[in-house]
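I opened this entry to keep a record of what I looked up, item by item. The sequence and the model come before my notes.

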Amino acid sequence: MTTAAPDPSPAGSESSEHAAGPRLRVDVLTIFPEMVETFASASLLGKARQRGLIDVRVHDLRSVTLDPHRSVDDSPFGGGAGMVLKPEPIFDTVEQVQPPRPLLYLSPAGRVLTQAYAAELASLGGFSLLCGRYEGVDERVREHLVDGEISIGDYVLAGGEVAAAVILEAVSRLVPGMVGNFGSVEDDSFSQGLLEYPHYTRPASYRGWGVPEVLTSGDHARVARWRRAQALVRTARHRPELLTARGGLSPADRAVLAEFDLEI
Ligand SMILES: C[S@@+](CC[C@H](N)C(=O)[O-])C[C@H]1O[C@@H](n2cnc3c(N)ncnc32)[C@H](O)[C@@H]1O
C-alpha cells in the first residue's frame, strides 16, 4: 500500500495552484503507514498536500512481503532481546517505488535535526525517510541501501514514525507558500541563530499586566529594534551557547540593547 496526497479538490479551486508540481516530495517507508498518513493529512501539512504544494507518499513495508504472515521482522543472529526489521521488504520496497534520494534512515545514531538541517532538507526538492522499529533494521540496509541517518534527538523512541512526523512538520513549514506569512518563519527561533522575541495580543491590559509601550506606538522601525533586543536577551538567558556560536554581540546588537536599557 502506498498513500499519496488526498484527492485534490475540483478544478478552479486551490488544487490548481501548483500545476507546476509540488515544491517538495517526501516518501516515508514504514510498517505503520496509518500513523504517518494520519499525521500528514491533518492541519497545514494536509492542506499543503491538498493544494499540491507538498507531495507526501507513505509506503507500507508489508505490501511487498509474500509469506502468509507478511513478516517484516525476525530474531537477531547471535541471540539477544528484541526483533530486527528484515532486509528484503525494505530493499524490495525501495526498488519498487524508487523513492526520492537521499533516503535517510531514522536512527538515534543519525545527524541530529536542527533548524538549519531542516532548511537544507526543504531546499532539496525531495527526500525519503525509512522508519525503524524494534531493535532497528538489519545492518545491511544501513550499509548498502540508505544514503544517511537522521535523528530527532538524544533519546530513544519505539519507532521512527513519530520522528518522521517531526521532520515532516519542521521541513514542510520552510517550503515557500506553506506558511501564510513567510516572514514569521524567518523570525522563528534558530532561523537567525537566536531565540524568538516575545509576542503579545489583545487585550492590552490583562489582570493588570500591560504590554510593552513600544508595541502599540505604531513606530515599526522601533518595534523591529525592540524585538531584536528582546531576542538577544532571551537567547542570552536561555541558550547562551547560541550567542557564542554566532561570535557574541555585534556593534549593532549592542546599540539596540543600549537603546532599550537592556544588558546581557
Ligand atoms: C527502539 S528504537 C531502536 C534503538 C536501537 N536499538 C538503538 O539503541 O539505537 C526503534 C526505531 O525507532 C527509531 N528511533 C528511535 N529513536 C530515534 C531518534 N532519536 N531519532 C530518530 N529515530 C529514532 C529508529 O528508526 C529506530 O530504528
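Is Tyr134, with its C-beta neighbours inside 10 Å, buried, partly exposed or exposed? I noted that the model is a predicted one, and then found 18 C-beta neighbours inside 10 Å of Tyr134, so the residue counts as partly exposed.

Arg70 sits in the loop between strand S3 (54–60) and strand S4 (73–74), and because it has 14 C-beta neighbours inside 10 Å, it counts as partly exposed.

Next I went through the cis peptide bonds. I found one from Arg101 to Pro102, with omega near 5°, and placed Pro102 in the loop between helix H3 (87–97) and S6. Another joins Arg202 and Pro203, with omega about 5°, and Pro203 belongs to the loop between H7 and helix H8 (220–238).

For the ligand, I listed 18 residues around it, of which Leu106, Gly132, Gly136, Gly160 and Ala163 come nearest. By class I recorded nine nonpolar, seven polar and two charged residues in this shell, and strand S6 (residues 103–112) contributes the largest share, three residues.

On helix H4 (residues 115–122), I recorded Ala118, Leu121 and Ala122 as the buried residues. Seen down the axis of H4, they fall within an arc of 100°, so they line one face of the helix. I traced their packing to strand S2 (24–30), strand S7 (126–130) and helix H6 (161–172).

The largest nonpolar core has 43 residues, and I noted Val28, Ile90, Leu106, Leu129, Leu130, Ala164 and Leu168 as those that touch the most other members. H6 gives the most to this core, six residues. Setting aside neighbours within four places in sequence, I found Leu168 in contact with Val26, Ala40, Leu45 and Val56.

Finally I checked confidence: the protein chain averages a pLDDT of 93, and 93% of the residues score at least 70. Among its elements, S7 has the highest mean pLDDT (99) and helix H7 (residues 182–187) the lowest (72). Over residues 8–16 the pLDDT is below 50, and I noted that this stretch has 12 contacts in the model beyond near neighbours in sequence.

Methods: Residues numbered from 1 in each chain as written. Predicted model: local features only at pLDDT ≥ 70, side-chain atom pairs only at ≥ 80, totals over all residues. Near = placed C-beta within 6 Å. Helix = DSSP H or I, 4+ residues; strand = E, 2+ residues; numbered from the N terminus. Nonpolar A, V, L, I, M, F, W, Y, C, P; charged D, E, K, R; others polar. Buried ≥ 20, exposed ≤ 12 C-beta atoms within 10 Å, placed from the backbone. Arc of directions from axis to C-beta. Contact = placed C-beta atoms within 7 Å. pLDDT = per-residue confidence, 0-100. Core = buried A, V, L, I, M, F, W, Y, C linked by C-beta atoms within 7 Å.
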